[in-house]
Amino acid sequence: MPWLDSSVTRRLKILLNIPKSAPLVWHLIWDKRVEWWKKALFVGGPLVYFFLPVDFINDFVPFFGQLDDLTVLFLMLERFIASVPDYIIREYWQK
C-alpha cells in the first residue's frame with residue numbers, strides 16, 4: 001500500500017498478525033525499557049472501559065455490541081505498540 005507511511009504499515013502488520021503480536025506484547029510488558037505508565041495505560045485502559053457502565057453500543061445488540069468492545073481492545077493494543085520505540089519492536093519482532 002504505497003499511500004501508507006511505514007509506521008501505519010507496521011501497525012497494520014502487527015494487528016493483522018495477532019498470533020505473533022501476542023508474544024510481542026507480552027515481551028513489551030516485561031521489558032524494562034518501556035515506561036511503566038505506558039504499560040499501566042495498556043492494561044488499565046481496557047479494564048476501566050469494561051467495568052464502566054457506559055458502553056458505545058449496548059451489548060444486547062447482536063454482533064455490533066461486541067464489536068465495539070473488540071475495537072477498544074485493538075485501539076489500546078495499537079496505541080501501546082505505537083508508543084514503544086521502533087528499535088525495541090524490531091528486536092522482539094525478529095525473534
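Helices (H or I, at least four residues) and strands (E, at least two) are DSSP runs, numbered from the N terminus. The structure is a predicted model, in which local features need pLDDT of at least 70, side-chain atom pairs count only at pLDDT 80 or more, and totals for chains, interfaces and linings use all residues. Residues are numbered from 1 along each chain as its sequence is written, and side-chain values use heavy atoms, with hydrogens and water left out.

**Figure 1. Overall fold of the protein, with the pattern α-α-α-α-α along the sequence.** The protein contains five helices and zero strands. Of its 95 residues, 29% are buried; buried means under 20% relative accessible area, exposed over 50%, and partly exposed in between (1.4 Å probe, protein chains only). Contacts are counted where heavy atoms lie within 4.5 Å. Among contacts between residues at least 6 apart in sequence, 61% join residues at least 24 apart.

**Figure 2. The largest pocket, holding about 160 Å³ of space.** On a 1 Å grid over the protein atoms alone, a cavity is a set of points where a 1.4 Å probe fits but cannot get out, whereas a pocket is an open set with protein on both sides within 12 Å along at least five of seven lines; lining residues have an atom within 4 Å of a point. Grid points are joined across faces, edges and corners, and a volume is the space filled by probe spheres set on the points. The lining consists of Ile18, Ser21, Ala22, Val25, Phe42, Pro46, Leu73, Phe74, Met76 and Leu77. At least two lining residues come from each of helix 2 (18-30), helix 3 (36-51) and helix 4 (64-83). By class, nine of the lining residues are nonpolar, one is polar and none is charged (Ala, Val, Leu, Ile, Met, Phe, Trp, Tyr, Cys and Pro count as nonpolar, Asp, Glu, Lys and Arg as charged, and the others, Gly among them, as polar).

**Figure 3. Helix 4, a run of 20 residues.** From its first C-alpha to its last, helix 4 reaches 28 Å, close to the 28 Å expected at 1.5 Å a residue; the expected span is 1.5 Å times one less than the number of residues. The buried residues of helix 4 are Gly65, Asp68, Asp69, Val72, Leu77, Glu78, Phe80, Ile81 and Ala82. Gly65 has a relative accessible area of 0%, and its C-alpha lies 8.6 Å from that of Asp55, 10 residues away in sequence.

**Figure 4. The stacked aromatic pair of Phe42 and Phe80.** Rings of Phe, Tyr and Trp (its six-membered ring) pair if their centres lie within 6.5 Å; planes under 30 degrees apart count as stacked, over 60 as edge-to-face and the rest as tilted. By this rule the count is two aromatic pairs. In one of them, Phe42 and Phe80 are 4.6 Å apart centre to centre, with 20 degrees between the planes. Phe42 belongs to helix 3 and Phe80 to helix 4, so the pair ties together parts that are 38 residues apart in sequence.

Figure 5. Glu78 is buried, with a relative accessible area of 13%, while Arg79 is partly exposed at 47%. Between C-alpha atoms, Glu78 and Phe42 are 9.6 Å apart in space and 36 residues apart in sequence. For Arg79 and Phe42, the C-alpha separation is 8.1 Å and the sequence separation 37 residues.
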